[in-house]
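Hi,

Here is the structure I said I would pass on.

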Amino acid sequence: MKYTTVFGEEIETSCIGCTVANNKQFMKGRIYRTKLWNLAQDFEIAYPGMIILSPLRHVSNYIDLTLDEQQELNMLLSHCKKAIINIFNCERVAYAFYEKPDGHIHFIVIPLHNLIDIKDKYSVLGELMTKAEMLRNNKENMVRVVDAISKLKNYFNNL
Ligand SMILES: [Zn+2]
C-alpha cells in the first residue's frame with residue numbers, strides 16, 4: 001500500500017510497523033526506541049501527542065508477544081501517560097489496541113487535551129480519521145505536532 005505520511009513523505013509498504021522498525025523512513029515522526037519497541041507519531045494522523053507503539057518484530061497477535069515485550073510495553077505505556085501529563089498538563093488519555101490477521105500489532109495513546117475538538121471521546125480514532133486531511137493541511141496544527149514530538153523525545157531520552 002502507498003501512504004502519504006503527516007510530513008508528506010510518500011511511502012510504499014506492505015506493513016507500516018515493519019517500515020518503522022527498519023528505521024530508514026518516517027524519521028521526523030520518531031519519538032523513542034527500546035530494544036523491543038518503537039514509539040512514533042502516527043503515520044497518517046497529525047494529532048499532537050498521538051503515540052503509536054509498535055514491536056520491532058512483526059507480531060500479529062497479542063498472545064504472540066513475549067513476556068519481555070509485554071513487560072516493556074507496560075512500562076512504556078506508563079511513561080506515555082506520564083509524558084502526556086508533563087507536556088500537555090492533561091490527565092485524560094484514550095488508548096486503542098489493534099491486531100488483525102497478518103497485520104503488525106500496535107498500541108495507540110491519544111491525549112485528550114482539547115487542542116483538537118473531539119465530539120465523542122469514545123470514538124476518538126474514527127473522528128480523527130475523518131479529520132486526517134484537515135489536520136495535515138493546518139499549518140498551526142503541524143507546528144504543534146512537531147513540537148509535541150520534540151517534547152516527547154526529550155521526555156523519553158531523559159528517562
Ligand atoms: Zn510488520
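First, a term you'll need: a residue is buried if 20 or more other C-beta atoms lie within 10 Å of its own, exposed if 12 or fewer, and partly exposed in between, with C-beta atoms placed from the backbone. Helices (H or I, at least four residues) and strands (E, at least two) are DSSP runs, numbered from the N terminus.

Some bookkeeping: this is a predicted model, so local features need pLDDT of at least 70 and side-chain atom pairs count only at pLDDT 80 or more, while totals for chains, interfaces and linings use all residues. Residues are numbered from 1 along each chain as its sequence is written.

Six of the six residues of β7 are buried, so the strand is largely enclosed by the rest of the structure. H106, I108 and I110 point one way, and F107, V109 and P111 the other. For pairing, DSSP has to find at least two bridges between two strands. β7 pairs antiparallel with β6 (residues 93-98) over six bridges, and V93 has P111 as its bridge partner there. β7 also pairs with β5, again antiparallel, over three bridges, with I51 standing opposite V109.

Now the overall picture. The protein chain has four helices and seven strands, in the order β-β-α-β-β-β-α-β-β-α-α from the N terminus on. Its radius of gyration (taken over C-alpha atoms) is 15 Å, close to the 15 Å that the globule rule (2.2 Å times the number of residues to the power 0.38) gives for 159 residues, so the chain is as compact as a globular protein of that length. The C-alpha trace spans about 40 × 35 × 30 Å along its principal axes, and 31% of the 159 residues count as buried.

On to the core. A nonpolar core here means a set of buried Ala, Val, Leu, Ile, Met, Phe, Trp, Tyr and Cys residues joined through C-beta atoms within 7 Å. The largest one has 32 residues, and I31, L39, Y47, I51 and L53 touch the most other members. Elements that each supply at least two residues include α1 (16-22), β5 (51-55), α2 (67-88), β7 (106-111) and α4 (139-157). Beyond its neighbours within four places in sequence, L53 is in contact with W37, L39, L73, L76, H106 and F107.

- F26, in the loop between α1 and β3, has a positive phi of about 55° although it is not a glycine. With 21 C-beta neighbours inside 10 Å, F26 counts as buried.
- N114 also has a positive phi, near 70°, and is found in the loop between β7 and α3. N114 is exposed, with 10 other C-beta atoms within 10 Å.
- α3 has a kink of about 60° centred on K131, where the bend at a residue is the angle between axes fitted to the seven residues ending there and the seven starting there.
- N138 sits in the loop between α3 and α4, and its C-alpha atom is 9.3 Å from that of A46, 92 residues apart along the chain.

Cheers

Definitions and conventions
Contact = placed C-beta atoms within 7 Å.
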